[in-house]
Amino acid sequence: TQKIAKAEKEKRPYWSFEYFPPKTHQGLLNLYDRLERMYRLGPEFIDVTWGAGGSTSELTLEICATAQTVYGLETCMHLTCTCMPREKVDDALRECKENGIQNILALRGDPPHGSDTWEACDGGFTHAVDLVRYIRQQYGDYFCIGVAGYPEGHTECESKELDMQYLKEKVEAGADYIVTQLFYDTDLFLNWVQECRRMGIQCPILPGIMPIQNFNGFKRMTTLSQTAVPQAIYDALEPIKDDDQAIKDYGIQLAIEMCKKIQAAGLTGFHFYTMNLERSVRLILEGLQFVAPVEVMRPLPWNPSKSRKRE
Ligand code: FAD
C-alpha cells in the first residue's frame, strides 16, 4: 500500500494482521469484535485469506468490505487462481474496487480440498505472476499488490534458486511487496532476505510471524508447510507441551525474540498470522514496545463509606 511505502521510507516499525473467514455465524461476529479491538493496535493494514479453491470467496469479500468501509481498516484481500476463470477474477476485483479496497495479495493458491496437485482451470491463470500481470494490465496502479515468498523454497519447486527467480518475476511483473510463509528459523529467513537483495529484489519483505498457540497445532502446521524448526524450540516446547498457557507464553517470547533480531537486521515491517486470535499478537507488540500496554480493568477496592455517601 502507499502506507507501506511511507512506513518504509520513515524507517519506522509497522505491522499487519492476517485473518481467515470463520466457519460459523458466531465466529464471524467474534471476528468483527476482534477487528474492532485490534484496530487499536494500529496495524498498517489487515488481510483476509481466500479459502482453498475459492471456497470462502463471498465471505472473504464480505469481511474485507466490512473491515474497509465499516471499521476503516486498510484492507488487503487475498486472491488466488485456483478454480478461478478470468470472469470470476474480474468480479472479485470489481467488488473490491466498489468497496474502496486497494490491496490484493496475488496468489496461485493451494489445490482445492480433496486434491493433492494443482491444476489451472479453463480460462484461468497458471501462476501467481499471471495474476499480478493481469491486475496491473486491467487496473494500472489502482491496486497495491503483494505476493508470497518462501524462505525455505516453495514445496513444489525443485530448487530454492529457481523459486527465488520466480519470486523476482512476480516483483518485476508489478508486485509492490512480499509477505513470507511462516518460519521459525530466523537466521535462515535473514540469509534468504540477503539472497533476495543480491538477486535484485528490492521491494519491502514482510516476515510472516505465527505465534505458537498450542503444541499440536504447531506440529500440524509446521509439518504441513514443511517448516524447519530449530531443535532449541522443540527442546523448550517438549516439557510444557500439555500446558496450553505455558506454550502460548513461550510462543509470545519466541516471537518477540524473532522480531527483535529481524528488526536489528534492518527490516521494519512484520506480518502476523493471527489465527483470528488477539492476545498473543497484542502481547508481542507490547513486548516489542511497538504499542503501549493496555490497562487491565480491575474492580476498585470496596469502600462502604464512599458508597453510602453516594446514596
Ligand atoms: P506461485 O508464485 O505461482 O508459485 C507456485 C509454484 O510454481 C512454486 O513452486 C514456484 O516456484 C513455481 N512457479 C512460480 N512461477 C513460475 C513460472 N513462471 N514458471 C514455472 N514455475 C513457477 N493459499 C490460499 O489458497 N489462500 C490464501 O489466502 C493464501 N494465503 C497465503 C498467504 C501467504 C503470505 C502465503 C505465503 C501463502 C498463502 N497461501 C494461500 C498459500 C499459497 O497459495 C500456496 O503456497 C501455493 O501453493 C503457492 O502460491 P504462490 O502464490 O506462491 O504461487
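**Barrel architecture and ligand shell**

Strand E1 (residues 14–19) and strand E8 (residues 269–273) pair in the parallel sense over five bridges; strands are DSSP runs of E with at least two residues, helices are runs of H or I with at least four, and both are numbered from the N terminus. Two strands count as paired if DSSP finds at least two bridges between them. The model is predicted: local features need pLDDT of at least 70, side-chain atom pairs count only at pLDDT 80 or more, and totals for chains, interfaces and linings use all residues. Residues are numbered from 1 along each chain as its sequence is written.

Ser-16 stands opposite His-271 in E8. Eight strands, in the order E1-E2-E3-E4-E5-E6-E7-E8, close into a barrel with parallel pairing.

Tyr-273 is also found in strand E8. This residue counts as buried because it has 20 C-beta neighbours inside 10 Å (buried: 20 or more other C-beta atoms within 10 Å of its own; exposed: 12 or fewer; partly exposed: in between; C-beta atoms placed from the backbone). The C-alpha atoms of Tyr-273 and Asp-47 are separated by 9.7 Å, although the two residues lie 226 residues apart along the chain.

The ligand is surrounded by 24 residues, of which the closest are Thr-49, His-78, Arg-108, Ala-128 and Ala-148 (a residue is near a molecule if its C-beta atom, placed from the backbone, lies within 6 Å of it). Two or more residues of this shell come from each of strand E3 (75–80), strand E4 (103–107), helix H5 (128–139), helix H6 (160–172) and strand E6 (177–182). H6 gives the most, with four residues.
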